[in-house]
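Here's a quick briefing for anyone opening this structure for the first time.

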Amino acid sequence: MYREKLDIWLESPYVDESLKEELKKIEKIESEVEDRFYRELEFGTGGMRGKIGAGTNRMNFVTVAKATQGIADFLNKKYSGEQLSAAIAYDSRNMSKEFAGKTAAVFAANNIKVYLFESLRPTPELSFAVRHYGCKAGVVITASHNPPEYNGYKVYDQYGGQVVEDADEIISMINKVNLKDVKLTTEDNDKIVTIGNELDTTYINEVKKLSIRDDVDKNLNIIYTPLHGTGNMPVRRVLDELGYKNVRVVKEQEMPDPMFSTVKSPNPEEISAFEIAIKRAGELNGEIIIGTDPDCDRVGLVVRSSDGGYVPLNGNQTGALLLNYVLSSLDEKGMIPENAAVVKTIVTSEIGRAIASKYNVASFDTLTGFKYIAELMQKFEDTKSNSFIFGYEESYGYLAGTFVRDKDAVIASMLICEMAAYYKRNGKTLLEVLKDIYREHGYYIEETISLTFAGASGQSKMKSIMENFRENKLSSIAGKNIPYIYDYKMGIELNLLTGKTEHLSYPKSDVLKFCFENGSWLVLRPSGTEPKLKVYFSINEENESKSTQVLENTKKEILSIIDRIQINN
């Protein structure tokens, strides 16, 4: 089957000669042919993502054009007779500009007006552009924080969020596209409009409106790294226009670099990405360090400790600090609206719910992926049931305001700096504030482990592991009872104490959540964009020592179970 697909590509007049030459070099390597053709790139929680190269399981001009044609077919069917438009942005990765141009050319050939950014921009600004121009769709070419050999393709709906409701139909339309069906025009088509600095200014002005306090110490020493990505200009601009006087960028990582040559991975979730920034902070008396990923939708935070060292905070900790700051500040000013709501994902710490409850703010959970937070935001808007205040996920994504419908590291960076500057003026560091939060709400500790399962065999292994946990229901682990199991694929909540099940009102997703008696939990979830099985842990005990011990015991036992499943299959 893989050979047949290879031959089709080699013989097709619709496949670029450069891709054919690449395939000819590997056509005798069976494992390579299989990996490139065993599947089509799939849309997961973050759209389509894969290594750049030739083949159906790669990012290239053919897969990008095919996906775009399918989306164009969907748009022309759903909005038949309407004037259609789409916005397109791209990041600093290899081939991002070229893939964006190909996407624009296919849309234009299908009678869809295109708003194409003149140069690299953050993903959240694409979301803003979709809403600003009244587009029916948006596309951003990015692989977020993946290694340099990857690129990707995120699709947005008319509300500026990544597609949810129409995802299955879009995938179906893409799968129906044959290579000969792809329509293409030149990139100087008059349906392609270039977006310049004017939209940047409009977006930045909206971001600045989210500032809650001006009574902060704007002499805070801030070290910022864009990790060679799109955040450099917008993050520095918004901080400069708000009056922060000591923002120093990490020069080695300031300019766009598709190879991300100064880091092992351009991922702010990994402390290694901050090595140069931490060194620079030590030299410049930096009080906080912020780092945004290549498409500037995630931000990591490192803070100075009392002994002069630097401590990285995870996404749950930064999210708790931001949520606590936003709600306490709005409460102080009497600005918390009626029916205020906070939204987080099912793999995000429960400490957020505790903080929100203190301020009588409702908390809502969604499936993993910020697109589900955006979907709920739109539901709030349509029904007027709630007022969205803040949304976040453990994987370093945060959002305030409603003019963007995706995680936004420009907004989050501004709020982090404002928060640190406010507490500094009041004689506290962020670490001290975090300890106050733990003392008030309990000591929450979280960790995520990613287990890699590459290729077709890896997909099979992940499926086997998930099936095993479904069939052999985990009733206890590390000496802790598990009274509840949430199976989001089957759409049920199982009470192991009574044997009763209840329906879950979430979209179907291959996720299992095991809840302990005290509110701690663990989650198993195959990634939607990478060949990884993610295991999330959230432990809540009375102190740090107890939480750490329970976490280590739970990790050890669950990984042992996963190892046994693989050995027996």
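Let's start with a polar contact of 3.4 Å, which joins the side chains of Lys 154 and Asp 295. Keep in mind that this is a predicted model. Lys 154 sits in strand E6, which covers residues 150-156, and Lys 154 is buried, because its relative accessible area of 2% falls under the 20% cut-off.

- Gln 317 belongs to helix H11, residues 315-332.
- Is Gln 317 buried or exposed? With a relative accessibility of 16%, Gln 317 counts as buried.
- The side chain of Gln 317 makes a polar contact of 3.3 Å with the side chain of Tyr 438.
- If you skip neighbours within four places in sequence, the residues in contact with Gln 317 are Pro 312, Leu 434 and Tyr 438.

**Backbone angles to look out for**

- As background, most residues other than glycine have a negative phi.
- Cys 296 has a positive phi, near 55°, and is not a glycine.
- You'll find Cys 296 in the loop that runs between strand E10 (288-292) and strand E11 (299-304).
- Cys 296 is buried, with a relative accessible area of 0%.
- Ala 478 isn't a glycine either, and its phi is positive at about 50°.
- Look for Ala 478 in the loop between strand E18 (476-477) and strand E19 (480-481).
- How accessible is Ala 478? Its relative accessible area is 23%, so Ala 478 is partly exposed.

**Residues that meet across the sequence**

- Met 173 is part of helix H7, residues 167-176, and is buried at 12% relative accessible area.
- Met 173 and Gln 69 are 104 residues apart along the chain, while their C-alpha atoms are separated by 8.5 Å.
- Gly 161 has its place in the loop between E6 and H7, where it is buried with a relative accessible area of 4%.
- From C-alpha to C-alpha, Gly 161 is 9.8 Å from Leu 126, and the two are 35 residues apart in sequence.
- Which residues does Gly 161 touch, leaving out those up to four places away in sequence? They are Val 155, Tyr 156, Ala 374 and Arg 405.

**Helix H1 and its contact with H2**

- A pair of packed helices is described by the angle between their axes and the distance between those axes.
- Helix H1 (residues 2-11) and helix H2 (residues 17-26) have axes that come within 9 Å and cross at roughly 140°.
- H1 and H2 are therefore oblique to each other, and H1 passes H2 in a left-handed crossing.
- On the H1 side the contact involves Leu 6, Trp 9, Leu 10 and Glu 11, which meet Leu 19, Lys 20, Leu 23 and Lys 24 in H2.
- Sorted by class, the residues of this H1 and H2 contact are 5 nonpolar, no polar and 3 charged.

**Helix H1 and its contact with H3**

- H1 also packs with helix H3 (residues 30-37), at an angle of about 75° and with the axes 9 Å apart.
- That angle makes H1 roughly perpendicular to H3.
- H1 contributes Tyr 2, Arg 3, Lys 5, Leu 6 and Trp 9 to the contact, and H3 contributes Glu 30, Val 33, Glu 34 and Phe 37.
- The classes in the contact of H1 with H3 are 5 nonpolar, no polar and 4 charged residues.

**Helices H8 and H9**

- How do helix H8 (residues 197-208) and helix H9 (residues 232-241) pack? They do it at an angle of about 55°, with their axes 10 Å apart.
- H8 and H9 are therefore oblique to each other, and their crossing is right-handed.
- Asp 200, Thr 201, Ile 204, Asn 205, Val 207 and Lys 208 in H8 meet Pro 234, Arg 237, Val 238 and Glu 241 in H9.
- By class, the contact of H8 with H9 has 4 nonpolar residues, 2 polar and 4 charged.

Conventions. Residues are numbered from 1 along each chain as its sequence is written. This is a predicted model: local features need pLDDT of at least 70, side-chain atom pairs count only at pLDDT 80 or more; totals for chains, interfaces and linings use all residues. Side-chain values use heavy atoms; hydrogens and water are left out. Axes are lines fitted to C-alpha atoms, for helices over the stretch in contact, and angles run from 0 to 180 degrees between N-to-C directions. Helices (H or I, at least four residues) and strands (E, at least two) are DSSP runs, numbered from the N terminus. Angles under 35 degrees count as roughly parallel, over 145 as roughly antiparallel, 65 to 115 as roughly perpendicular and the rest as oblique. A crossing is left-handed if the near helix is turned anticlockwise from the far one by less than a right angle, and right-handed if clockwise. Contact means heavy atoms within 4.5 Å. Ala, Val, Leu, Ile, Met, Phe, Trp, Tyr, Cys and Pro count as nonpolar, Asp, Glu, Lys and Arg as charged, and the others, Gly among them, as polar. Buried means under 20% relative accessible area, exposed over 50%, partly exposed in between (1.4 Å probe, protein chains only). A polar contact is a pair of N or O atoms within 3.5 Å; within protein, one must be able to donate a hydrogen and the other to accept it, and residues adjacent in sequence count only if both atoms are side-chain atoms.
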